[in-house]
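Here are some notes to go with the structure, written as numbered points. Please keep the viewer open as you read, and turn to each region as it comes up.

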Amino acid sequence: MSDTETIENGPDPGKIPAPRPIEANVLFGSGYMIDSNKVNKDKTPSDGTIFYVILPGNINGGSNQNFPVKNINPVTVHTPVVNYSSASDDREHNQKTIPNFQRMSFILDRPFTVTIPTSGRHVDYPGYGNRDYAKYVRTKQVAFPFDVYHADRTVLYPKGTWIDIPVVQLTAAFYLPVWVDEGNYEIRFRTIAENAPSPFTSETNANTNLRHHTAEMEIPVEVIGRVYDFRITDIADYRWETVFRTQPGSVQHTGNYYWVGDRNIDGYPRGNRQPFTLPIRLGSHSDAGARNISVKTGYHFKFDLKTKGNMFGPADGIRIKPDFYFMSKDGKQRQAVDLYYHSNEKKFIRIGSHEDKEKRYVILNARLRNVPERELTDTAQFLYDAEYAPNSPNPVSREQYVREYISNASDKTWVGTYDWFILPQSLRTFVGNPNIPGNATATPQRALAADQKWYGEYSIPAAVYVVPKGTNLAEYGRTNRLNDKSPIFLKNGYIIVNFNIETIRNKDVANPHLQYIHAPAMAPYPHRNQWGLEGFRRTIADSYGNSFQLTDGDVIFYHGDQSSYDDFGSMGTH
């Protein structure tokens, strides 16, 4: 019909157009959102109704109409989530003698990270596959089977706590408290779909079965302790007294210590200046006028070192194996050597032979060891609570036990021989921080015992005889005159004492727990060496400008031609 305005009569209507098919998408829609309250379900039935509405102003058009839509396909709700989490592997600081390559290395008192991506492989349905599923995630969580700190150590999460990680955050940083027990653990991760009901079930890596609304996984880790902070704290050679004592004859320590290097447990600057690094040698003396002296044979040096972890048992200890080298005075020749000494019964006993039976002793609370009384008291109280009282039918009071412990700390402890020695529990104190958060699963006493300090001392014989390693001295004596002045003995140089330091757990001397120096390689770290991490310098110069190439573990240069016997009758009381 024409819509032109006319007077009285208009044109006749034309032919009504034939109806056309509707466009393809008139009865279809897209972009619809399934309510997040709808749980996963397979082949949910669907129905529909089509409504026809009469146009306004119609004449005799009838009423609105509706008809059911038949054969609508069912709908499956399957909200996809994936979990391909990972954890950092602190191999650089793993000091285990036999590392476990199947577990991530978590080191006590150090940071670590976990990574929880929202992308990864799911089922090969259209729109699924290998992609990012962040839009379907309600939350990501991690739970540790031990206490952990947030990275900044302001918040402590007790073990077993599910910790929320923001969906958009890929990696989260934490810190491992020192009181966590060493050993094997599994960390749990889960990624929860936005439509997950309560309770929900999980599937590893991806919820490929729509019955599950969470993707989970576990990562195996190993918590490992540390051995570190070796230092020399005193030298009995009276020429070194002013280095360590505020005045001659005084017990008061100067605060001067000779550390492995100028770096701390984690390789950061310690703050100690030269010459207070190992080894003790010409040029190590703090008095510029005494830079041409080292240490005479026979004088012992005191030392201490620390450990972290489960080294608080009655059968735990530190094993030290000395090796010996001879260095020419110009530093150009270094060779492995054997040391001999005389006993009252026999001449020329080789250190390390079956005849080497000279017993070595150490006193914990020795006058010049300067062990703080608070340290001794804390240690005694822990031993009373953890070992003595629970195992004694009629225990003495805590106060009496502490007094007796401190008194006994002045007794001698047998540690070994010239060739090897073990620092046992009687030469160990506990130096941890008992001030821990109230929600920690450990006790303050356990936190105190988590850090240990070990005290020792060592010397070589005053009258020592040095030959190249492997020399058959008995054979030499059959064809040459063998006495203290025989030319076979090396004198014009320095005897270097080199320590190999290991930790022993539960008397298992056949399987040392940690290595200070000689931990095996773990890619990408060919040398996992705490001695080197602490800044040990492998090339040094003496006070005369001679250059010396060193080996990790070198702790002291003894004069090859000077003995403490030279000082008898002229030395002080130090």
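1. First, a word on confidence. This is a predicted model, with an average pLDDT of 94 over the chain and 99% of the residues at 70 or higher. The exception to keep in mind is the stretch 569–574, where the pLDDT is below 50. Beyond near neighbours in sequence, that stretch has 10 contacts in the model. Where pLDDT is low, the predicted coordinates should not be read in detail.

2. Now for the overall build. The chain contains six helices and 34 strands. Its radius of gyration is 39 Å, whereas the globule rule gives 25 Å for 574 residues, so the chain is more spread out than a compact globule. Along the principal axes, the C-alpha atoms fill a box of roughly 150 × 65 × 45 Å. Of the 574 residues, 47% count as buried. If you take the contacts between residues at least 6 apart in sequence, 71% of them join residues at least 24 apart.

3. Next comes an open sheet. Its five strands follow the order S5-S7-S14-S11-S12, with antiparallel pairing. Strand S5 (86–87) and strand S12 (156–157) are at the edges and have a single partner strand each, so one side of each is left without a neighbour in the sheet. For S12, two bridges connect it to strand S11 (residues 148–150), and Val148 has Tyr157 of S12 as its bridge partner.

4. Which residues of helix H3 (residues 398–408) are buried? They are Tyr401, Val402, Tyr405 and Ile406. These residues cover an arc of only 130° around the axis, which puts them on the same side of H3. An α-helix has 3.6 residues a turn, so residues three or four places apart point the same way. On the face of H3 turned away from the buried side you will find the exposed residues Glu399 and Arg403. The cover over the buried residues of H3 includes helix H2 (373–388) and strand S28 (428–430).

5. In H2, the residues Glu375, Leu376, Thr377, Thr379, Ala380, Phe382, Leu383 and Tyr384 are buried. Among the elements that cover them are H3, S28, helix H4 (444–449) and strand S29 (451–458).

6. Although Leu282 and Asp542 are 260 residues apart along the chain, their C-alpha atoms are separated by 5.3 Å. Beyond four places in sequence, the contacts of Leu282 include Ile293, Tyr494, Asp542, Tyr544 and His559.

7. Lys296 belongs to strand S20. Is this lysine buried or exposed? At 8% relative accessibility, Lys296 counts as buried. Its side chain makes a polar contact with the side chain of Asp567, at 2.7 Å. Leaving aside neighbours within four places in sequence, Lys296 is also in contact with residues including Asp237, Arg239, Tyr558 and His559.

8. Finally, there is Ser459, in the loop between S29 and strand S30 (465–468). Ser459 is buried, its relative accessible area being 6%. The side chains of Ser459 and Arg360 make a polar contact at 2.7 Å. Not counting residues up to four places away in sequence, Ser459 touches Gly298, Tyr299, His300, Arg360, Tyr418 and Tyr558.

Key. Residues are numbered from 1 along each chain as its sequence is written. This is a predicted model: local features need pLDDT of at least 70, side-chain atom pairs count only at pLDDT 80 or more; totals for chains, interfaces and linings use all residues. Side-chain values use heavy atoms; hydrogens and water are left out. Buried means under 20% relative accessible area, exposed over 50%, partly exposed in between (1.4 Å probe, protein chains only). Helices (H or I, at least four residues) and strands (E, at least two) are DSSP runs, numbered from the N terminus. The arc is that of the directions from the helix axis to the C-beta atoms. Contact means heavy atoms within 4.5 Å. Two strands pair if DSSP finds at least two bridges between them. pLDDT is the predictor's confidence in each residue, from 0 to 100. A polar contact is a pair of N or O atoms within 3.5 Å; within protein, one must be able to donate a hydrogen and the other to accept it, and residues adjacent in sequence count only if both atoms are side-chain atoms. The radius of gyration is taken over C-alpha atoms; the globule rule is 2.2 Å times the number of residues to the power 0.38.
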